[in-house]
Structures are given as structure tokens and as C-alpha cells.
Amino acid sequence: MTVTLTKGGNVSLSKQAPGLTGVTVGLGWQANTGYELDASALLCDASGKVPSDRHFVFFNNLTSPDGSVRHVGGGSPVDGDDQRIEIDLTRVPDSVEKIVFPVSLYEGAARGQSFGQVHRAHIRVLDREDGAELARYDLATGGLADETALVFGELYRHGAQWKFRAVGQGYASGLAGIAADYGVDVLKETPADPARTRPSPALPVRRRRPRAPPWRPRAPPRPLPASGRPARPRRRTPSPPSPPSPPHRTALQGVPP
């Protein structure tokens, strides 16, 4: 039976499903055309920071270094999940104390978008073994006029148990603000601004496939000599000048008259 949470509430997943070994975190929302939302996960240690940038699982890094957290993309239209993240609890390193799940608007500030226009946002936790829903949190986003990123919830250790907390914390600084808070060192180049003395962190740029250059026929390879190595061009050195030839003698030269 699922537990419906309000902001700040928590539930023990280990008590909900004894012997729990893995969960699927489903995140969903409704937004207007032109809104691009991205779910991610941050694996944090006891300091509340990620051990490395590779522990930030998002659209350009779909798996954590240990393979315990995987971003598997879109969910099913039937269950209402837009994106899903799978967690193998047996493989999460002991040093990881919690896994945080933010959702961000891609280029939200540049496009004049905010979570105030995102509706029916939710996060839910399912047992990976049988798909049973263990916990659910429906977020109230109506008052988020400036926020372009939002921490939906987090999984965390409590002794030998795994628990889930409904967070609902917004960030006007977008995913960059969340990344900075959790120790991710990801920067994007921004246009020069004399009013700024330091570059500010920004959303990682989506990787796009480079367009293939137009095809050109390759020149035929040079034949190799018998040694198997390309022949080196011979350098021509100027030959030394030949000595002047002695004067030509006729048959009568040197004969007394």
C-alpha cells in the first residue's frame, strides 16, 4: 500500500517492503509546448556533496560510476511518469548517504519559463521487483514564479533502513544552483559581462551529434617500398664543380720547328 506524503514528510521504504533490494523513482509533470524538463540524481556522501562530478546522473551521464543508479529515460503514458531513474540499493556504495532527485527546466531562464507553469508534478517510489508503489508526493507548483529547478525528493539511509523524504525545494538559479549546492563542478561559458567578475555556474550543455562533413574521395595511398616504410624523398646535393680541363694541344705543339 502506497504512502502519500506532504512536503517534508518521510517514510521507511524498508518497512514498507521488507527485503527491498531496488527501487524505481518515477517523476512526472504537465507542461506547455516548448517546455523541456530533465530529471537527474545526485549521489551524496556524509558531507552532503557528491564525491565527484560522475556521481551526478543526468542526460549527459546516464549511469553512476558504480552502476547503482541509472537514468532510464521516459516512463509509460499509463502511469504518468515522464522520466524514470532506477536504483539498485545493493550496489549503492556505503559512502553514499542519500540520493537527491532534482528536475530542471532546460534553458528556463533564457526562455522566460518557471515551475509556476508546470502542473501535476509528482515523484513516486516503486519496488523494482514487483512494481508496487511504496510512496508518492504530489508537488504544489502554483506559487513558483521564478524557480527553474526543483528538488522533488530524496532517498536516504537511516541506520540499516532506506527512507524517502518529500522535499519540494525550488531554485531560481536552475540546475546550476542545485549543482553548486551539492558540489558539482559543471560550468558553461557565458557571454562576457563587465558587471560580473566571476563566471557563474550554469546548466551543462546538451551534447549534440556533430554533423558529418561532406564526403570527399581520398587520394590513393603511395606505394610502399619493400621495407614496408614510406620512401623518403631523396635530397639532391649539388655536385662539386669539375676542375678546369688543360688547354688542348695539337700534334705540332711542343715540336721544335
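## Overall composition

Of the 257 residues in the protein chain, 40% are buried, where buried means under 20% relative accessible area, exposed over 50% and partly exposed in between, with a 1.4 Å probe and protein chains only. This is a predicted model, in which local features need pLDDT of at least 70 and side-chain atom pairs count only at pLDDT 80 or more, while totals for chains, interfaces and linings use all residues. Residues are numbered from 1 along each chain as its sequence is written, and side-chain values use heavy atoms, with hydrogens and water left out.

The accessible surface of the protein chain comes to about 16600 Å², and 51% of that area belongs to carbon and sulfur atoms, as computed by the Shrake-Rupley method with a 1.4 Å probe. Among the contacts with a separation of 6 or more, 66% are accounted for by residues 24 or more positions apart, a contact being heavy atoms within 4.5 Å.

## Strands and the open sheet

The protein chain holds two helices and 13 strands, which are DSSP runs (H or I of at least four residues for helices, E of at least two for strands) numbered from the N terminus. Six strands form an open sheet with mixed pairing in the order β1-β11-β10-β3-β8-β7, where two strands pair if DSSP finds at least two bridges between them. Its edge strands, each pairing on one side only, are β1 (3-5) and β7 (69-73).

Strand β1 runs parallel to β11 (residues 133-138), and three bridges join the two; within this pairing, Leu-5 stands opposite Tyr-137 in β11.

## Aromatic pairs and a charge over a ring

A pair of aromatic rings is described by the distance of the centres and the angle of the planes. Rings of Phe, Tyr and Trp (its six-membered ring) pair if their centres lie within 6.5 Å, with planes under 30 degrees apart counted as stacked, over 60 as edge-to-face and the rest as tilted; by this rule there are three aromatic pairs. Phe-58 and Phe-59 form an edge-to-face pair, at 5.1 Å centre to centre and 65° between the planes, and Phe-58 counts as buried because its relative accessibility is 8%. Phe-59 and Tyr-106 form an edge-to-face pair at 6.3 Å centre to centre, with 90° between the planes. That pair links distant parts of the chain, 47 residues apart, with Phe-59 in the loop between β6 (56-57) and β7 and Tyr-106 in the loop between β9 (98-105) and β10 (119-127). Tyr-106 is buried, since its relative accessible area is 7%. Ring pairs link Phe-56, Phe-58, Phe-59 and Tyr-106 into a cluster.

The charged end of Arg-165 sits over the ring of Tyr-156, 4.2 Å from its centre, the criterion being NZ of Lys or CZ of Arg within 6 Å of the ring centre and within 35 degrees of the ring normal.
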